[in-house]
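Have the viewer open as you read.

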Amino acid sequence: MAQLSTKIKKYLADNGVSSVDFTTDVLLQDDSNGQGPYIKEWNIDSVAKPTADQLNAFEAAATTEESNAQVVATRKALYGSIESQIENIIENGLSAEQTRVNQIKADNPKS
C-alpha cells in the first residue's frame with residue numbers, strides 16, 4: 001500500500017500542482033489509533049481537498065513510484081561512488097563498467 005503523501009503528490013500533479021510542502025501546504029497526522037495517517041490540514045486553495053476515493057484512485061501509480069524509488073536507491077548503492085566507477089573504467093575499460101551497470105539494472109528492474 002502506498003503512503004498517503006505519495007498519493008497526495010500524484011493527486012496534486014494530476015491537478016496541475018507540481019510540488020507540495022508537507023509542513024505548510026498539507027499537514028498529515030497519525031493518531032496511532034490503528035486508522036493510519038490522514039489529512040489534518042489542507043492549505044492549497046487552487047485544488048480541492050481530495051476524498052479517500054480520489055486518493056485511492058492513485059494507489060497503483062503511487063505504489064509504482066515508491067517501488068521505483070527503492071530500485072533507484074538500490075542501484076545507486078550498488079554502482080558505488082563516481083570515483084570507484086572511474087577507477088573501474090580506467091582499470092578494466094569502459095565496456096567492463098557498462099557490463100557491470102547493465103547487470104545491476106537487470107538484477108534490479110523498475111516497474
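L28 counts as partly exposed, because its relative accessibility is 31% (buried means under 20% relative accessible area, exposed over 50% and partly exposed in between, with a 1.4 Å probe and protein chains only). The residue belongs to strand β1, residues 26-29; helices (H or I, at least four residues) and strands (E, at least two) are DSSP runs, numbered from the N terminus. Setting aside neighbours within four places in sequence, L28 is in contact with L4, S5, I8, F22, Y38, I39 and K40, where contact means heavy atoms within 4.5 Å.

## About the model

This is a predicted model, in which local features need pLDDT of at least 70 and side-chain atom pairs count only at pLDDT 80 or more, while totals for chains, interfaces and linings use all residues. Residues are numbered from 1 along each chain as its sequence is written, and side-chain values use heavy atoms, with hydrogens and water left out.

## How α1 is covered

Which residues of α1 are buried? They are L4, S5, T6, K7, I8, Y11 and L12. The cover over the buried residues of α1 includes β1, β2 (38-42), α2 (52-56) and α3. After α1 comes G16, with a positive phi near 85 degrees.

## α1 against α3

Two packed helices are described by the angle between their axes and the distance between the axes. Helix α1 (residues 4-14) packs with helix α3 (residues 59-79) at an angle of about 115 degrees, and their axes are 9 Å apart. Axes here are lines fitted to C-alpha atoms, for helices over the stretch in contact, and angles run from 0 to 180 degrees between N-to-C directions. The two helices are therefore roughly perpendicular to each other (65 to 115 degrees; under 35 counts as roughly parallel, over 145 as roughly antiparallel and the rest as oblique).

On the α1 side, the contact is made by T6, K7 and K10, and on the α3 side by E59, A61, A62, E65 and E66. By residue class, this contact divides into 2 nonpolar, 1 polar and 5 charged (Ala, Val, Leu, Ile, Met, Phe, Trp, Tyr, Cys and Pro count as nonpolar, Asp, Glu, Lys and Arg as charged, and the others, Gly among them, as polar).

## Salt bridges

How many salt bridges are there? The count comes to 3, taking a salt bridge as a side-chain nitrogen of Lys or Arg within 4 Å of a carboxyl oxygen of Asp or Glu. E59 and K7 meet through their side chains at 3.1 Å, N to O. E59 is in helix α3 and K7 in helix α1, so this pair ties together parts that are 52 residues apart in sequence. E59 counts as buried at 19% relative accessibility, and K7 counts as buried at 6%.

K10 and E65 form another salt bridge, at 2.8 Å, N to O. With K10 in helix α1 and E65 in helix α3, the pair ties together parts that are 55 residues apart in sequence. K10 is partly exposed at 24% relative accessibility, and E65 is partly exposed at 35%.

E97 pairs with R100, and their closest N and O atoms are 2.9 Å apart. Both lie in helix α5 (residues 94-107), 3 residues apart, so about one helical turn separates them. E97 is buried at 4% relative accessible area, whereas R100 is partly exposed at 26% relative accessibility.
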